[in-house]
Amino acid sequence: MLSITLSLLPAGIINGLMFGAIYALVALGLTLIYGVLHIINFAHGAMLMLALYSAYFLFKVLNIDPYVSILIVTPASYVFGYTIYRWGIGKLSGGRDQNILLITLGLSIILENSALFFFTGDQQTISLPYSYESFDLGFLYLSYPKLISFVASLIICVLLWMLMTLTDLGKAIRAVAKEREGARLVGIDVEHVFAVTFGIGVACLGAAGCMLLPIFYVDPYTGNIFVIIAFTIVVLGGMGSIVGALLGGFIIGVTESVGGLLLGESLGQIGISLIFILILIFKPTGIFGSKV
Amino acid sequence: MLEVKSVTKRFGGLVAVSDVDLDVAKGEIVSLIGPNGAGKTTLFASIAGFLKPDEGEVILNGKSITNLKPHKICRQGMVRTFQITQPFATLNTLENIMVGAYANTSNKSLAKSNAERVAEIVGMTSLLYQTADGLTVAARKRLELARALATNPQLLLLDEVMAGLNPTEIDEIVDVIQGIRNTGVTIFLIEHVMKAVVNLSDRTYVLNDGKLIAHGTPNSIASDPAVIEAYLGHGAAEAMARGGKA
Amino acid sequence: MKLPFRSNIFIALGLLTAMLAPFGISSKFQLDVLTLIFFTAYLGQSWNILGGYAGQFSFGGVMFFGTGAYTSSILLSSFGLPPIIGIFAAIFMGALLGLVVGYLSFRSGLRGSYFALITLAFAELLRVLANSVEFTGGGVGLFLTYAPGLYNLQFTSPTGFYYFSLILLVISLAIAIWLERSRFGAQLVAIRENEDAAEALGVDTLKCKIYAIMIMGGMGGAAGTFYAQKYLYIDPPISYSIALSVEMLLVTIVGGMGTVFGPLIGSFVLHTVNEIARHFISTPGLSLIVYGFILIVIISYLPNGLVGLFRKTRKNKENDDA
């Protein structure tokens with residue numbers, strides 16, 4: 001029994017890495033928003049759910065391949081994020097940490113139940129022409145969608161990293177993250193930068209949603225699963241750390257997949273909440289430092 | 001009453017307080033002065049249990065309180081105030097002071113009468129039902145003092161209770177502090193306002209760059225070359241000007 | 001805060017009305033709604049003690065409810081212990097869980113959002129555990145036998161459960177009134193307003209917060225027994241449902257955090273909104289969408305909840321009189 005499990009281990013790890021890349025992308029959005037705005041976006045999961053539905057309807061109604069929809073859903077998510085911050089969260093919160101948490105909780109309730117209201121509670125999946133084609137790794141057949149999602153997620157992570165380090169916008173964002181008042185003094189429109197950052201954070205979800213759809217499912221509560229995963233990755237990697245989010249994503253992906261293998265599907269999920277609790281209790285600054 | 005023995009506090013590579021020795025005897029008013037950033041508040045926080053000293057010992061009435069939490073230290077008879085006032089914003093003056101009074105009693109009416117008595121000592125009787133976030137700066141400073149006093153301490157640590165007050169208000173609070181001392185409470189205060197220190201304290205310590213550089217009566221301090229060099233050169237003149245005008 | 005004479009009259013009249021209500025209300029449905037309002041208000045009050053008075057927001061308040069529900073239900077189904085005793089075991093286990101969670105999180109200095117999230121994670125952890133181990137019945141859940149009788153805390157008519165929920169509600173209000181009048185309550189509020197200052201003034205902030213979460217836990221535990229005996233079935237998604245965690249904080253925030261009657265008022269208003277919404281459209285989700293909007297509006301514009309609205313107008317009136 002154990003030897004069978006062990007022989008499945010490499011496959012489990014690879015599978016975990018595949019999902020890990022998408023988790024990283026989801027967490028990247030969360031950590032970016034936290035690192036710059038110092039707010040915890042509890043609606044992160046619900047926004048991912050929205051992205052999943054967007055990709056789903058683009059596929060069902062217009063027959064657009066989810067990997068192509070990335071080009072539509074990502075910018076749309078950016079606009080959604082920018083708008084909802086600039087004229088919503090930013091205005092209403094009054095800047096108190098717990099208020100923002102509660103307002104984004106309210107937002108996630110609204111999004112989740114709007115989805116329930118309009119799209120019903122049924123789980124939706126899609127199947128692509130190449131859904132069942134796979135790539136032979138020798139010890140594992142890796143399905144094309146998983147492989148594409150993995151590679152595309154990594155590319156987007158790298159693009160985001162380049163955006164943050166190489167462009168003027170990235171510099172402005174980092175300046176605001178570091179020294180809010182100073183940035184204001186040198187003429188940076190801080191409110192705009194906040195909204196842009198929030199938009200980019202939500203755009204990450206747009207892309208992640210498109211890549212998740214072919215290998216997962218969507219229902220109004222999908223977000224709940226990811227919100228804890230994303231927070232775990234972010235506290236693991238250190239709030240605000242981009243590299244931490246990437247590594248954290250892989251660690252959580254592998255933990256979940258291998259945990260499921262060793263402990264069984266049901267108990268395997270325990271790993272994530274447990275890691276989350278242990279990190280918060282013993283090393284609240286995360287494993288990989290704490291700055292953007 | 002209070003002995004501080006070779007206390008050192010570091011933040012990373014920075015030594016904020018370095019090997020400080022000092023003592024405060026029962027019934028005294030002792031002050032600690034020094035330029036901004038000298039480490040005064042850090043030293044206070046290390047004494048009152050808010051920071052853990054990296055080295056050294058803090059002894060209150062013969063017992064070490066070095067690693068005790070602030071609320072335990074409070075129960076041993078030493079309580080601090082904060083430089084930046086920390087009122088319980090949505091509570092009124094009476095309720096604020098009662099939190100301090102509850103350190104000694106769980107009886108509400110007793111706590112209330114104690115709080116009212118303390119409010120009278122600091123001159124806040126007319127403000128008892130005003131919520132704290134609506135108080136003026138001067139009133140908030142008094143509130144800090146009142147809450148601390150309500151815990152019935154033997155030793156009060158006052159962190160810049162006069163900063164930000166105008167001369168009239170300073171004179172008033174100096175009177176209040178004198179009055180508190182006359183009830184038998186020992187006082188150790190950090191101050192930036194030189195004039196007040198001279199009037200008020202029996203002895204003065206001078207802290208610069210985390211180290212004690214002088215110690216004596218306020219008048220002898222003023223003529224100490226080391227102090228003039230380190231402190232009166234920049235900080236004190238500015239502080240006096242500020243104290244005179246703000 | 002001393003309640004004025006007029007408030008005491010109001011409380012007495014309210015209690016009398018509540019006690020006589022089953023004689024005036026013939027509709028079983030309406031009595032059931034009232035039971036639900038009281039039950040949610042009770043849970044809201046448990047959240048209020050830690051969240052409203054001590055200022056420590058939890059997102060996983062349901063964990064105490066679920067643990068209490070499992071405790072008395074397992075004791076009943078496996079050992080035949082009647083729930084009238086089992087409810088005390090549920091209270092004990094809830095408080096014990098509060099002690100563990102409180103000690104672990106408060107000792108490591110978790111505050112604000114971090115505390116909220118760690119409670120959410122604890123609730124998730126317990127849900128997964130309950131789903132995976134045998135003695136909880138795993139994902140299948142636990143079915144309880146229908147055997148009405150006071151010692152089983154089961155009743156043949158809605159009136160029985162109505163009075164059961166009323167007793168819980170009255171106990172929770174009594175706890176809140178005690179907080180308003182006691183040193184412990186004053187210390188919790190001090191912690192909410194400024195933890196450092198409270199600590200400096202001799203408040204053992206760690207101990208106070210742990211006591212508060214233990215009271216919350218004990219109250220939640222009893223609620224679990226109530227639910228299990230009323231509906232005779234529990235499973236992990238019900239027992240550790242995020243929705244219930246949200247509901248407890250929602251009714252409290254809407255009604256008014258840190259007030260005696262906030263949770264009751266919030267529960268009353270939200271359930272009324274819910275019934276009205278259901279009357280017009282029966283599609284699931286609609287009333288929760290409205291709840292979400294209400295939460296955002298209250299947080300943004302009425303931080304003291306509906307009770308605050310009332311107080312504000314009263315204060316303004318006093319000022320006008322003066």
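On helix α6 of chain B, the exposed residues Thr168(B), Asp175(B) and Asn182(B) lie on the face turned away from the buried side of the helix. The model described here is predicted. Helix α6(B) comprises residues 167-182, 16 residues in total, and spans 23 Å between its first and last C-alpha, close to the 22 Å expected at 1.5 Å a residue. Its buried residues are Ile170(B), Ile173(B), Val176(B), Ile177(B) and Ile180(B). These residues lie on the same side of α6(B) because they cover an arc of only 120° around the axis. The elements covering them include the helices α4 (108-121), α5 (137-150) and α7 (194-200) and the strands β7 (155-159) and β8 (186-190), which belong to chain B. After α6(B) comes Gly184(B), with a positive phi near 100°.

Strands β7 and β8 of chain B also take part in an open sheet of six strands, ordered β6-β7-β8-β3-β9-β10, in which the pairing is mixed. Its edges are formed by β6 and β10 (211-216) of chain B, each of which pairs on one side only. On average, and with direction ignored, neighbouring strands of this sheet are turned by 15° against each other. The strands β6(B) and β7(B) run parallel and are joined by three bridges. Met78(B) has Leu155(B) in β7(B) as its bridge partner. Helix α1(B) packs on this sheet, where it touches β3 (29-33), β6, β7, β8 and β9 (203-208) of chain B. The direction of α1(B) makes about 150° with that of β7(B).

Chain B also contains an open sheet of four strands, with the order β2-β1-β4-β5 and antiparallel pairing. Here the edge strands, each pairing on one side only, are β2 (14-24) and β5 (63-64) of chain B. Between β1 (residues 2-11) and β4 (residues 55-60) of chain B, the antiparallel pairing extends over five bridges. Within this pairing, Glu57(B) in β4(B) is the bridge partner of Lys5(B). Helix α1 (residues 40-47) of chain B packs on the four-stranded sheet as well, touching β1, β2 and β4 of chain B. Relative to β2(B), the direction of this helix makes an angle of about 65°.

Contacts between chains were examined next. Two pairs of chains touch, and the most contacts are between chains A and C. Chain A and chain B do not touch, their nearest C-alpha atoms being 15 Å apart.

Between chains C and A, 36 residues of chain C are in contact with 31 residues of chain A. On the chain C side, two or more residues are given by each of α4 (83-107), α5 (112-132), α11 (242-255) and α13 (286-301) of chain C. Helix α5(C) provides the largest share of this side, 15 residues. The side of chain C that touches chain A is made up of 25 nonpolar, 10 polar and one charged residues.

Between chains B and C, 23 residues of chain B are in contact with 18 residues of chain C. At least two residues of the chain B side come from each of α2 (70-75), β6 (78-80), α3 (93-101) and α4 of chain B. The largest share, four residues, is that of α2(B). By class, this side of chain B has 13 nonpolar, six polar and four charged residues.

Note on methods
Residues are numbered from 1 along each chain as its sequence is written. Chains are lettered from A and ligands numbered from 1 in the order in which they are written. This is a predicted model: local features need pLDDT of at least 70, side-chain atom pairs count only at pLDDT 80 or more; totals for chains, interfaces and linings use all residues. The expected span of a helix is 1.5 Å times one less than its number of residues. A residue is buried if 20 or more other C-beta atoms lie within 10 Å of its own, exposed if 12 or fewer, and partly exposed in between; C-beta atoms are placed from the backbone. The arc is that of the directions from the helix axis to the C-beta atoms. Two residues are in contact if their C-beta atoms, placed from the backbone, lie within 7 Å. Ala, Val, Leu, Ile, Met, Phe, Trp, Tyr, Cys and Pro count as nonpolar, Asp, Glu, Lys and Arg as charged, and the others, Gly among them, as polar. Two strands pair if DSSP finds at least two bridges between them. Axes are lines fitted to C-alpha atoms, for helices over the stretch in contact, and angles run from 0 to 180 degrees between N-to-C directions.
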